[in-house]
Amino acid sequence: MLTLSEVEALARAAHEGQTDKAGRPYAEHLRAVADGVRERGGDDEQIAAAWLHDSVEDDALSAQWLHEAALTRRTKDIVLAVTKRKGEEPTAYARRILATPGALLVKEADLAHNADPARLAVLDEATRTRLTEKYARMRALLGLKEPETEPGR
């Protein structure tokens, strides 16, 4: 089985050169989601899935690679559960996440980082509004409470 360090290295290499919507290195998002899973009490399989959560969706790694990777079935299932499919309705996506043990925690950490006000603040107002609404809708579909805002934010 791949160690968490090996999974991190693979994910970083797979997303090398990619940036997020704010122009930041994509690996920063992966790190934040993995840290978020860890902080929420996630186990090593969920942390590994957090590092890989966008790899298939972003074509950084293929579904075939994931299938053949030295990862637990649960880690692979979580990655596949949080991988959006073209044309898929948000309700179907949310149902798959909810039906996959361990996936909700990974998606919760992903949404938390995506909706971080400091991260959204660098985007134009229209994009910020669109994404804020999109993330709130997904949180609602998943039955997640809105994150508490820190004082001064």
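Q: Why is Glu 57 called partly exposed?
A: In this predicted model, Glu 57 has a relative accessible area of 27%. Buried means under 20% and exposed means over 50%, so Glu 57, with its 27%, counts as partly exposed.

Q: What makes Lys 84 and Glu 57 a salt bridge?
A: Their side chains meet at 4.0 Å, N to O. The cut-off is a Lys or Arg side-chain nitrogen within 4 Å of a carboxyl oxygen of Asp or Glu, and the pair is listed as a salt bridge. Lys 84 sits in the loop between α5 (73–82) and α6 (90–99), and Glu 57 in the loop between α3 and α4 (63–68), so the pair ties together parts that are 27 residues apart in sequence. Lys 84, at 36% relative accessibility, is partly exposed as well.

Q: How do you know that Arg 24 and Glu 28 form a salt bridge?
A: The closest N and O atoms of Arg 24 and Glu 28 are 2.5 Å apart, and the cut-off is 4 Å. As for accessibility, Arg 24 has 43% and Glu 28 has 35%.

Q: What separates Arg 12 and Glu 8 in helix α1?
A: About one helical turn, because Arg 12 and Glu 8 are four residues apart in that helix. Their side chains meet in a salt bridge at 2.9 Å, N to O. Both belong to one network, in which salt bridges that share partners join Glu 8, Arg 12, Arg 31, Asp 35 and Arg 38. A search of the whole structure finds 13 salt bridges.

Q: Why are α1 and α3 described as roughly parallel?
A: Helix α1 (residues 4–14) and helix α3 (residues 44–52) pack at an angle of about 10 degrees, with axes 9 Å apart. Angles under 35 degrees count as roughly parallel, so that is the label for α1 and α3. From α1, the contact includes Glu 8 and Arg 12; from α3, it includes Ile 47 and Trp 51. By class, the contact has seven nonpolar, no polar and three charged residues.

Q: Why does Asn 114 count as buried?
A: Its relative accessibility is 14%. Since buried means under 20%, Asn 114 counts as buried. Asn 114 is found in helix α7 (residues 103–114).

Q: What makes the meeting of Asn 114 and Arg 119 a polar contact?
A: The side chains of Asn 114 and Arg 119 make this contact at 2.9 Å, with the cut-off for N or O atoms being 3.5 Å.

Notes: Residues are numbered from 1 along each chain as its sequence is written. This is a predicted model: local features need pLDDT of at least 70, side-chain atom pairs count only at pLDDT 80 or more; totals for chains, interfaces and linings use all residues. Side-chain values use heavy atoms; hydrogens and water are left out. Axes are lines fitted to C-alpha atoms, for helices over the stretch in contact, and angles run from 0 to 180 degrees between N-to-C directions. Helices (H or I, at least four residues) and strands (E, at least two) are DSSP runs, numbered from the N terminus. Angles under 35 degrees count as roughly parallel, over 145 as roughly antiparallel, 65 to 115 as roughly perpendicular and the rest as oblique. Contact means heavy atoms within 4.5 Å. Ala, Val, Leu, Ile, Met, Phe, Trp, Tyr, Cys and Pro count as nonpolar, Asp, Glu, Lys and Arg as charged, and the others, Gly among them, as polar. Buried means under 20% relative accessible area, exposed over 50%, partly exposed in between (1.4 Å probe, protein chains only). A polar contact is a pair of N or O atoms within 3.5 Å; within protein, one must be able to donate a hydrogen and the other to accept it, and residues adjacent in sequence count only if both atoms are side-chain atoms.
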